[in-house]
Amino acid sequence: MEINNSAGKPYYTQRNNQLKPGGACNVTAMIAALLAAGYAVEQLATEKFRQPEDALMDFILHDERTLALWKVLDPSGHNAPNEWHPVLALGTNLFLREKGLVGKCVDAVEWGEWRSKSQIADTIRNGGAAVLSGLFPAGGRKTIGHVVACVGFREDDEGNLTHFIIDDSWGDYHTEYADHNGNNVEMSLEDFNSKIRHCGADNKMAHLIKKAVSK
């Protein structure tokens with residue numbers, strides 16, 4: 001059995017982003033996961049930024065609430081606000097509320113340091129998605145830090161999980177990103193365990209995206 005909540009939906013690449021295309025995997029993965037979970041992400045576009053991932057990036061970089069959390073987590077400003085997972089989750093939830101895609105007290109994104117594979121799969125089974133951070137080979141380099149959307153999975157006839165399906169905004173990691181199409185990339189459990197943080201651990205860092213609820 002296969003479940004893929006992004007099947008037939010648009011693919012978002014960070015390569016054409018206006019804002020920091022080389023460092024926008026986090027917001028682009030978030031948009032891809034939200035889309036897979038049924039959110040009308042096109043409504044996040046603004047007059048200044050027509051692509052929703054650019055609009056989300058702009059919001060996170062300028063909202064006083066996200067910046068306040070960023071300054072607590074990173075007082076030296078070593079990493080950009082969008083690169084901190086708690087800031088990414090907060091900013092996404094705030095932006096969704098401001099744009100009317102969720103209610104005023106609703107969190108669509110739940111960030112957690114330790115999520116099991118079954119928790120991630122169950123979220124997808126229930127119509128949601130996940131955003132995951134990992135280390136991937138790219139262009140001859142051993143690894144790069146990168147963020148992807150986990151939008152589906154596959155089980156064998158006995159109900160055992162065999163693969164996850166990711167939307168990768170930089171391309172297909174199997175080709176070290178020589179192929180720029182990262183739509184519906186199959187990830188074996190071996191790769192999932194070794195490449196997704198916490199690398200080598202059974203439990204993973206993940207943003208769990210709840211299925212959108214009709215208002």
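User: Where is Ser6 found in the structure?

Analyst: This is a predicted model, in which local features need pLDDT of at least 70 and side-chain atom pairs count only at pLDDT 80 or more, while totals for chains, interfaces and linings use all residues. Residues are numbered from 1 along each chain as its sequence is written, and side-chain values use heavy atoms, with hydrogens and water left out. Helices (H or I, at least four residues) and strands (E, at least two) are DSSP runs numbered from the N terminus. In these terms, Ser6 is found in the loop between β1 (2-4) and α1.

User: Is Ser6 buried or exposed?

Analyst: Relative accessible area, taken with a 1.4 Å probe on protein chains only, sorts residues into buried (under 20%), exposed (over 50%) and partly exposed in between. Ser6 has a relative accessible area of 3% and therefore counts as buried.

User: Which residue has a side chain joined to that of Ser6 by a polar contact of 3.0 Å?

Analyst: Leaving aside neighbours within four places in sequence, Ser6 is in contact (heavy atoms within 4.5 Å) with Ala36, Val151, Asp167 and Asn184. A polar contact is a pair of N or O atoms within 3.5 Å; within protein, one must be able to donate a hydrogen and the other to accept it, and residues adjacent in sequence count only if both atoms are side-chain atoms. The side chain joined to that of Ser6 at 3.0 Å belongs to Asn184.

User: How many of the 11 residues of helix α2 (residues 52-62) are buried?

Analyst: The buried residues of α2 are Pro52, Glu53, Asp54, Ala55, Leu56, Met57, Phe59 and Ile60, and they pack against α1 (25-36), α3 and α4. Helix α2 is largely enclosed by the rest of the structure, because its buried residues number 8 of the 11.

User: Are α3 and α4 roughly parallel or roughly antiparallel to each other?

Analyst: The axes, lines fitted to C-alpha atoms over the stretch in contact, with angles from 0 to 180 degrees between N-to-C directions, come within 9 Å and cross at roughly 175 degrees for α3 (residues 64-73) and α4 (residues 85-98). Angles under 35 degrees count as roughly parallel, over 145 as roughly antiparallel, 65 to 115 as roughly perpendicular and the rest as oblique. The two helices, α3 and α4, are therefore roughly antiparallel.

User: How many disulfides does the structure hold?

Analyst: A disulfide is a pair of cysteine sulfur atoms within 2.5 Å. Cys150 is in no disulfide, with the nearest cysteine sulfur, that of Cys199, 15 Å away, and the sulfur of Cys199 is 14 Å from its closest cysteine sulfur, in Cys25, which is too far for a bond. The number of disulfides in the structure is 0.
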